[in-house]
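Here is a short briefing on one structure.

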Amino acid sequence: MNTKSAVPSVKRPNLVAVGTIVWLGSEVMFFAGLFAIYFTLRAMNPELWVEQTGKHNFTFALVNTLILVASSFTAQAGVFAAERGQPRATGKSPRNWGTVEWFFLTFFMGAIFVAGQTWEYATFVSEGITLASDPYGSAFYLTTGFHGIHVSLGLIAFLLVIGRIYAVKNFTHKEETSAVVVSYYWHFVDIVWIILFIVIYVLPLVQGY
């Protein structure tokens, strides 16, 4: 009796997802550099930091932060819908929403965050805090500004994924991968903002600088 040895199947990792994770690793280093600049300038100008951080609207920043954090949950809900092969809603209730509806909601919440950050910038400029006004202005706008750019790119990515879902006739593994990859990026920018919020808004209240 001839028997053939069973060849174990090898499940290879998704190259797009792995590539995205590697790229996000380089983004971690980029933001680490921005944090280093912020802390260096703060250490050299402690009195200026006390004065300028006192002008923050903490409540507004907290609400804006909560909106962005909540958008990570809606983005993940969109991923769950993609993983079960549901690109669009099968009913009006959120429990029946598909990837498109959850990603639209995520886009809307992210847009609110960017609008809130723009409003905060306008308020700071009216108080004389600009990119070139002093070291604090430079540190604040560099760190939050680059993050805002990343959020804006994430919003564009959500629209591209939504457009792709509408464009294809059949929802396949490629569309699912696109949704997952965008969620990786969105979770990353959310985590970066939580750290920024703690550093820029919370620590001055706790430590008094």
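A139 is buried, with a relative accessible area of 1% (buried means under 20%, exposed over 50%, partly exposed in between, with a 1.4 Å probe and protein chains only). The model is predicted: local features need pLDDT of at least 70, side-chain atom pairs count only at pLDDT 80 or more, and totals for chains, interfaces and linings use all residues. Residues are numbered from 1 along each chain as its sequence is written, and side-chain values use heavy atoms, with hydrogens and water left out.

**Around A139**
- A139 sits in helix α5, residues 135–167 (helices are DSSP runs of H or I, at least four residues, numbered from the N terminus).
- Leaving out residues up to four places away in sequence, A139 touches Y38, L41 and W49 (contact means heavy atoms within 4.5 Å).
- F35 is 104 residues from A139 in sequence, yet 8.7 Å away in space, C-alpha to C-alpha.

**α5 with α6**
- The axes of α5 and α6 come within 10 Å and cross at roughly 160 degrees (axes are lines fitted to C-alpha atoms over the stretch in contact, and angles run from 0 to 180 degrees between N-to-C directions).
- So α5 is roughly antiparallel to α6 (angles over 145 degrees count as such).
- Their contact has 18 nonpolar, 6 polar and 3 charged residues.

**α3 with α6**
- Helix α3 (residues 58–83) packs on helix α6 (residues 173–207) at about 160 degrees, with axes 9 Å apart.
- That makes α3 roughly antiparallel to α6.

How values were computed. Helices (H or I, at least four residues) and strands (E, at least two) are DSSP runs, numbered from the N terminus. Angles under 35 degrees count as roughly parallel, over 145 as roughly antiparallel, 65 to 115 as roughly perpendicular and the rest as oblique. Ala, Val, Leu, Ile, Met, Phe, Trp, Tyr, Cys and Pro count as nonpolar, Asp, Glu, Lys and Arg as charged, and the others, Gly among them, as polar.
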